[in-house]
2 protein chains.
Amino acid sequence: MYIAIMGYGTVGSGVAEVIMNNQANIAKTAGQESIDIKYILDLRDFPGDVNEKLMIKDFSKILEDDDIKVVVETMGGLHPAFEFVSSCLQKGKSVVTSNKELVAAKGDILIKLAEENNVNFLFEASVGGGIPVLRPIGQCLAANRITEVAGILNGTTNFILTMMIDKNMSFEDALKLAQDNGYAEKDPTADIEGHDAGRKICILSSLCFGKHVFPEDIYMQGITKVSLTDVEYAKAWGGVIKLIGRAKKLSDDKISALVSPAFVKNGSQLASTNDVFNAILVRGDAVGDVVFYGRGAGKLPTASAVVADVIDCAQHLEKRKDYGWESGTTGYVVDYNEIETAMFIRAKADNKDAAKECIDSAFEGAQFIEKESADENEIAFVTPVLKECKIEEVLSSLGSIDILSKIRIVDY
Amino acid sequence: MYIAIMGYGTVGSGVAEVIMNNQANIAKTAGQESIDIKYILDLRDFPGDVNEKLMIKDFSKILEDDDIKVVVETMGGLHPAFEFVSSCLQKGKSVVTSNKELVAAKGDILIKLAEENNVNFLFEASVGGGIPVLRPIGQCLAANRITEVAGILNGTTNFILTMMIDKNMSFEDALKLAQDNGYAEKDPTADIEGHDAGRKICILSSLCFGKHVFPEDIYMQGITKVSLTDVEYAKAWGGVIKLIGRAKKLSDDKISALVSPAFVKNGSQLASTNDVFNAILVRGDAVGDVVFYGRGAGKLPTASAVVADVIDCAQHLEKRKDYGWESGTTGYVVDYNEIETAMFIRAKADNKDAAKECIDSAFEGAQFIEKESADENEIAFVTPVLKECKIEEVLSSLGSIDILSKIRIVDY
C-alpha cells in the first residue's frame with residue numbers, strides 16, 4: 001500500500017522514520033505486503049535527506065494518484081491543511097492527522113466528509129501525542145456514559161510548572177529552560193496562554209459528549225500569572241498547581257469546558273504527572289475514573305500514534321471508524337461564570353483579623369491556608385463550591401481586601 | 001441483535017445491568033436497532049431477579065439458537081468455560097469473556113478457533129477490569145516495538161499493601177479489612193499468592209510479544225511474606241512495596257516474565273497507584289512509557305469492558321479483530337534465576353561492622369539503607385544489578401549473616 005505525507009517537520013519526518021524502522025512489522029500488522037511512502041509534500045528543500053527522492057511541492061500529484069490510499073497530514077495550521085484534507089477525503093483517500101488546530105476547528109466537517117466518502121479520518125495523535133486516548137474513549141468506554149474528561153494536555157506548561165514546584169524556579173526562568181531544552185518554541189504563546197490545551201479539550205469533549213466544541217466557545221487561561229507564592233500555598237493546602245483542561249456534561253444539551261491553572265490534591269494521578277508528561281482522566285458512569293498517561297508530545301511518540309492510525313486505515317480501507325461526533329450548536333458550552341467551583345483566593349488586607357472575619361461571614365465554610373514566611377498582610381483561603389459569578393459578587397462586596405490571585409480547585 | 005450471558009455472578013449480572021441501563025445508546029453505538037439479552041445461563045436459581053425469565057440451565061439452547069450472534073462468558077474457571085466457548089466459536093458465534101484463567105491457559109487455542117470460524121474472541125475485561133488496555137496495546141501501539149510491560153494487576157493485594165504503607169497495618173489486619181470490605185474473597189489464595197496477577201501478566205505478555213505465555217512457565221510470588229519492617233525500609237529508600245507483574249523482551253525468542261513484590265521509587269506512576277486501583281505500564285520503542293490507570297475490578301467497571309467488546313463484535317460481526325498471538329513454545333520464558341535485577345536484602349548479623357565490610361567487598365556498589373529504630377543487629381542494603389542466581393551465590397558465600405528478606409527492585 002502506498003501513502004503520502006504532507007508536511008516534513010518534526011512529526012512528519014518522525015512518521016517516515018517510524019515506518020522505515022519498523023516496516024516489515026507494520027505491514028504485517030496492517031495486513032499488507034508492504035507500506036511504502038510514495039510522496040512527501042513540503043515547500044522546503046531537504047538536500048541530502050534520506051527521503052529526498054520522495055519530496056514533491058505539488059499537492060495535485062498526491063490527489064491525482066490513485067495508488068495513494070492514505071494521506072498523512074502533519075503540516076499543522078488551518079490553511080491549506082483544511083483544503084488539502086477535504087480534497088483527499090472527497091477523492092476517496094483516508095486521512096490521518098496530528099493537527100489539533102485542524103481537528104478542533106473543523107473536525108465535524110471533516111468527519112462528515114469522511115463518512116460521505118466512505119473513508120477514514122483519524123486523529124489519535126492530535127491529543128496526548130503517543131498516548132492512546134481517543135480510540136480507547138471511542139471503543140473501550142463505549143458502554144459508559146462519560147460524565148467528565150480532564151487532563152494535563154500540554155507538556156511545555158507542565159514542565160514549567162514542575163520546575164516552579166520542584167526547583168522553586170520563577171516562571172521566566174522555567175520558560176527559558178523549557179526553550180533551551182527544546183520543549184518550548186521561541187514564541188511560546190500557544191502553550192503558555194493555554195490555547196494548545198484548549199484545542200485538545202475541545203477535541204476530547206467533542207468525542208466524549210458527541211457534539212463539536214469550538215475553541216472560541218471555551219474559556220482559556222494560561223499559566224503566565226501563576227506565581228511562586230501561589231505554588232507555595234498550593235503545597236500548604238496539600239497539592240500542586242497544574243494547567244488543567246476539563247469538560248463536564250451538565251445536561252443533554254449543555255456542557256462546561258475550560259482551561260485554567262488549578263489546585264490539584266496530592267495523591268491524584270494528575271498531581272503526580274510531572275515534567276513534559278501528559279495525563280488524561282475520563283470519568284464514566286460504570287468504569288469510574290480511568291487515566292491515560294505518557295509523553296504528550298515529541299517526534300517519535302506522536303509519529304507512532306500517526307502510524308498506528310495509518311495501520312488502522314490499511315486494515316479498514318473502506319470502513320468508517322467508530323469515533324466521530326455531530327456538528328456544534330450555539331449555547332452548548334455554558335459560560336464559565338455559570339460553572340460551580342471552589343476557588344483559591346490570595347489577597348492583601350491592612351487589617352487581617354477584620355478581613356478574615358469578613359470573609360468568614362461572606363463565604364460560609366471558607367478554609368484559610370497558612371504558609372511559612374507569608375507576607376504579613378497576606379490572607380489565603382479556599383471558598384466553598386459556588387458559581388464563579390457568585391464568588392465574584394461576594395469578593396467585590398469585601399471592600400477591605402485587595403485580590404492578588406484566584407485559582408480554581410478541581411477534584412480529579 | 002441477540003446475545004446470551006453464561007454465568008450470572010458479579011460480572012455477568014453487571015453486564016446485564018450495564019446493557020439495561022444504557023440500552024438505546026449502546027445499540028446506537030453498535031449500529032444495531034437494539035441489543036437484547038435472550039438467555040442467561042446459570043445452574044443456580046434467581047427467584048425474583050429482574051432477569052428471572054431469561055434464565056436457562058441448558059447450554060445447548062444457546063448453542064443451537066442462530067439468533068445468538070454474541071455470547072458473553074462470565075462463568076470463570078477453566079471447565080466447562082473452555083468447552084462452552086470452543087463450541088460457540090465453532091458454531092460461528094463471537095465470544096466475549098472476562099475470564100482471565102481461561103485466556104491465560106487457553107488463549108492461543110481460542111484465538112485460533114475464532115480465526116478459523118471468522119468470528120471474534122475478545123477479552124478486554126480479563127486484564128485491568130474496566131481499564132482499556134488490551135485494545136490500545138493491539139491497536140494504538142501497533143507502530144511500536146514493545147520492549148516491556150509491567151503493572152499493578154491485582155486490586156486486593158494493592159489495597160492490602162496500601163493499608164500497610166499508609167496505616168502501618170499488619171498484613172493480617174489489612175487482609176481482614178479487605179475481606180470485610182468485599183475486596184478479598186474468603187479464600188484469598190489466588191490474590192495474595194500472586195496467581196491472579198500472574199495470569200494477567202501472561203495475557204499481557206502474550207499480546208505484547210506475540211506468543212502465548214502459560215501461567216505454569218512464570219515465577220509467581222505473592223505478598224504474604226512482606227513485613228512492616230520491609231515497608232519501612234522501602235520508605236527509607238524512597239519508595240514503596242508493590243506487587244508487580246512484569247515481562248520483558250530479551251531477544252526474538254526469549255522473554256522474562258514474573259510476579260513478585262518489588263520496591264518502586266516514589267514519583268513513578270506505579271508508586272502512586274493506591275487502594276484497589278490498577279495501573280499497567282507499556283514501554284515502546286517510539287512512544288516511551290505509557291500508563292493505563294483505573295479500577296481493575298468491580299462489578300460495573302468490569303462489566304463495562306465486557307459490553308464494549310460486545311459492541312465491537314456487533315460492529316464487526318464477521319471480522320477477526322486485530323489482537324491475537326501465536327502458540328507458545330518451550331523455553332520461551334527464561335528462568336527467573338537468569339534475570340538481571342537489583343535486590344533489596346535485609347539480614348541479621350552479630351557483628352554488623354564486619355558484615356557490612358564483607359557485603360561491601362562481595363557486592364561492588366552495594367547501597368546500605370538506614371532506617372529509624374531499626375533492630376540493633378539488622379543490616380539492609382540494595383545489591384547492584386546482577387543475575388538472580390549470581391546474587392544468591394554471593395549471598396550464600398556471606399556466611400556471617402542471616403537473610404531475613406529479599407525483595408526485587410524495579411525501574412518503572
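In this predicted model, A:N118 is found in the loop between α5 (100-116) and β6 of chain A, where helices (H or I, at least four residues) and strands (E, at least two) are DSSP runs, numbered from the N terminus. Although A:N118 is not a glycine, its phi is positive, at about 55°. A:N118 is partly exposed, with a relative accessible area of 36%; here buried means under 20% relative accessible area, exposed over 50%, and partly exposed in between, with a 1.4 Å probe and protein chains only.

Residues are numbered from 1 along each chain as its sequence is written, while chains are lettered from A and ligands numbered from 1 in the order in which they are written. Because the model is predicted, local features need pLDDT of at least 70 and side-chain atom pairs count only at pLDDT 80 or more, whereas totals for chains, interfaces and linings use all residues, and side-chain values use heavy atoms, with hydrogens and water left out.

With a relative accessible area of 33%, A:D275 is partly exposed.

Strand β6 (residues 121-122) of chain A holds A:F121, and this residue is buried, with a relative accessible area of 4%. Leaving aside neighbours within four places in sequence, A:F121 is in contact (heavy atoms within 4.5 Å) with A:V85, A:L89, A:V95, A:T97, A:V103, A:L110, A:I111 and A:A114. One of these partners, A:V103, is 18 residues away from A:F121 along the chain, and their C-alpha atoms are separated by 10.0 Å.

The loop between β4 (68-73) and α4 (81-90) of chain A contains A:P80, which is joined to A:H79 by a cis peptide bond with an omega of about 5°. In chain B, a cis peptide bond with omega of about 5° joins B:H79 and B:P80, and B:P80 lies in the loop between β4 (68-73) and α4 (81-90) of that chain.

Helix packing comes next, where axes are lines fitted to C-alpha atoms, for helices over the stretch in contact, and angles run from 0 to 180 degrees between N-to-C directions. In chain A, helix α2 (residues 23-30) and helix α12 (residues 299-315) pack at an angle of about 40°, with their axes 8 Å apart. The two helices α2(A) and α12(A) are therefore oblique to each other, since angles under 35 degrees count as roughly parallel, over 145 as roughly antiparallel, 65 to 115 as roughly perpendicular and the rest as oblique. On the α2(A) side A:I26, A:T29 and A:A30 meet A:V307, A:I311, A:A314 and A:Q315 of α12(A).

In chain B, the axes of helix α1 (residues 10-21) and helix α12 (residues 299-315) come within 8 Å and cross at roughly 65°, which makes α1(B) roughly perpendicular to α12(B). Among the residues making this contact are B:V11 and B:V15 of α1(B) and B:L300 and B:V306 of α12(B).

How are the two chains related? Chain B can be laid on chain A with an RMSD of 0.0 Å by a turn of 180° and a shift of 0.0 Å along the axis, the superposition being by least squares on the C-alpha atoms of residues with pLDDT of at least 70 in both. That is the relation of a two-fold axis. In chain B, the C-alpha nearest the axis belongs to B:F292, 2.4 Å from it.
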